[in-house]
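Have the sequence and the 3D view ready as you read.

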Amino acid sequence: MLRDAFAHIENGRYREAEEACLQALAADADDTAASTLLALSWQAQQRLAEAIALFERLAALPGAGFEAFNNLGNALREAGRSEAADGALRAALARSGEHAGVLLNLGLNALDLGDAAVAQRWLERALLQAPHDAEIRTYAAAAAFEQGDLAKARALLARDLRWQDVDTGVIAEAAWLLFRLDATDAADALLRFALARDPRHPRALLRLAAIHERCNRLDDANAVAAALAAHDGADAAFAEDLSLLRAALASRGRDARTARALHEALLADGRASLHNANVYFSLARACDRDGDPAGAMQALERAHAARCTLLRRRAPKLFDAPPLAGARQRLDAQRAAWTPDPAAPDAAASPIFVVGFPRSGTTLLETMLDAHPALACMDERAYLQDLVEYLQAGGLDHPGDLGRLTPGQCAAMRAIYRERVARHVDWNASTRLVDKNPLNLLKLPLIRRIYPHARIVLALRHPADVVLSNYMQNFRSPVFVALCETLRTTAEGYAAAMDFWIDQHALLGGDVFVSRYEDLVADLPARARALTEFLGVPWDDALLRPDAHARERGYISTPSYAQVAEPVNTRAIGRWQAYAEWIAPLRPLLDPYARRWGYAW
């Protein structure tokens, strides 16, 4: 009879399994195996309160093994009771030793609690026991991603993993993670594999809808989301992700009130952790679109508190240094007096660098330029930072020792850069490269040393709008999590970056085109034509349709992916004015930059 119950569970026949277990217990009320299978059948039917109560009784039995506590922990976790689950799973670990499955569950529960650093430690211990386990590697990569360690996340998923015996939901999560790591081909192949196995699997469909939304395929995303309505009663994690997806789609459809209501319901019914920064960042965006700046700021305060509390435990030094401490590392006239590299490529053979403080319109510029047939963009890549690390590995300081580089070393660094670029775009004699990475403005000394003839586009926007927009972003990078802890620290980071640019550009010079966001969206044809003349490329009407190009382009990794898929508009100009009471204390700090760049209060 128990064999029948187990077979029913294996094949998804949970009611039949329940009946078989009840029959077995009628014959022997003390049959712990039958009780365990009964609780598992209830859990699968989302009768979580009954399952938890029975698992608790089983764990309280004399001599209960680690399996009883592990089952209890999993049921508590599925019910959204993550703190109680942690206690049960720790009890399981105390009885099991370094059991990979229990360590995995502890890691998953830590992710539910929003503590990716703790999750990483549990999952790394699990990998020591099962280094090739695809599920463990997936969630270890997710923990690394949440901490902003994208290199580790990629490395964990880089090897060929055996997915045949892995749960379809886990495969879908791996595909979603690969997608956000910009491994879009691998993500597509893995998600196709998951859906071929089970075309109606809710988690796989959820991630398919999320990918459609991120690629601006909104009709497809809405159709898949509608098909998921039957799964509203699923586990807490799924319900949270589905609500966030629906909220994102509602916002894209200009239905801010519905988006906000979805978030508030998620928090009210306890399905989302009150410490979940992702939910509060998303709620803040909904409140902003709903015209409630006070609600948005309250949600942002909670979001940043949750994110920074965890980061401060792991990396307190990030909060001890002034915002963007690297902006204090500058060249002086003596160290900038290097002999120009005679072999440096001319402007046409050099990259076009698009820089600026984040949220200043760099993604719009990049999308517009990428539409030009003679230009190629590669999304945001940290390849100049790779060159900084190459310098440091050779015992040289950045930027202080740039003047010590020989022509051979400069050529070697350009070769490294070209090799990295070739992974993404075909940069050749007929196609010029556009390297858009906002904070490359802090790499101006490196750009001027390695590519001294490069054209540079500096993106600007009203300082108050820039600061507010950055404060509203759910950054993964630990540096930016710390930088944007408060509106003031965000403004201090902006000031540090602008001071660096002003000082170093005055010292080093360079061919720079200043692109003010407000001017660009107010008169796109005029500003686009001026930009092409500066770059020395022929005019092409495709520059006037960045929204169409964004929709064709598919995945865009930056937070502006939704905005650039819309026709160019002026809605984001002066957004800060609705938040004037919060911006007012920052005006003395920001005013020098507003006046320098011609912005009024």
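Start with arginine 312, which is partly exposed at a relative accessible area of 36%. Keep in mind that this is a predicted model. Which residue does the side chain of arginine 312 meet in a salt bridge? The partner is glutamate 485, with an N to O distance of 3.2 Å. Glutamate 485 sits in the loop between α25 (478-483) and α26 (487-508), while arginine 312 belongs to helix α18 (residues 293-314), so the pair links distant parts of the chain, 173 residues apart. Glutamate 485 is also partly exposed, with a relative accessible area of 22%.

Side chains of opposite charge can pair when their charged atoms come close.

How many salt bridges does the structure hold? There are 34. One of them joins arginine 203 to glutamate 173, at 3.4 Å from N to O. This pair, too, links distant parts of the chain: arginine 203 lies in helix α13 (residues 202-214) and glutamate 173 in helix α11 (residues 168-180), 30 residues apart. Are these two residues buried or exposed? Arginine 203 is buried, because its relative accessible area of 12% falls under the 20% limit. Glutamate 173 counts as buried as well, at 15%.

Another salt bridge connects lysine 436 with glutamate 366, whose closest N and O atoms are 3.8 Å apart. Lysine 436 is found in strand β3 (residues 432-436) and glutamate 366 in helix α20 (residues 362-370), and 70 residues separate these distant parts of the chain. Both residues are buried. Elsewhere, salt bridges with shared partners join Arg257, Arg260, Glu264, Asp290 and Asp292 into one network.

| Salt bridge | N to O distance |
|---|---|
| Arginine 203 and glutamate 173 | 3.4 Å |
| Glutamate 485 and arginine 312 | 3.2 Å |
| Lysine 436 and glutamate 366 | 3.8 Å |

Now for the cysteines. The structure holds 0 disulfides. Cysteine 287 is in no disulfide, and the nearest cysteine sulfur, in cysteine 484, is 19 Å away. Cysteine 287 counts as buried, at 2% relative accessibility.

Notes:
Residues are numbered from 1 along each chain as its sequence is written. This is a predicted model: local features need pLDDT of at least 70, side-chain atom pairs count only at pLDDT 80 or more; totals for chains, interfaces and linings use all residues. Side-chain values use heavy atoms; hydrogens and water are left out. A salt bridge is a side-chain nitrogen of Lys or Arg within 4 Å of a carboxyl oxygen of Asp or Glu. Helices (H or I, at least four residues) and strands (E, at least two) are DSSP runs, numbered from the N terminus. Buried means under 20% relative accessible area, exposed over 50%, partly exposed in between (1.4 Å probe, protein chains only). A disulfide is a pair of cysteine sulfur atoms within 2.5 Å.
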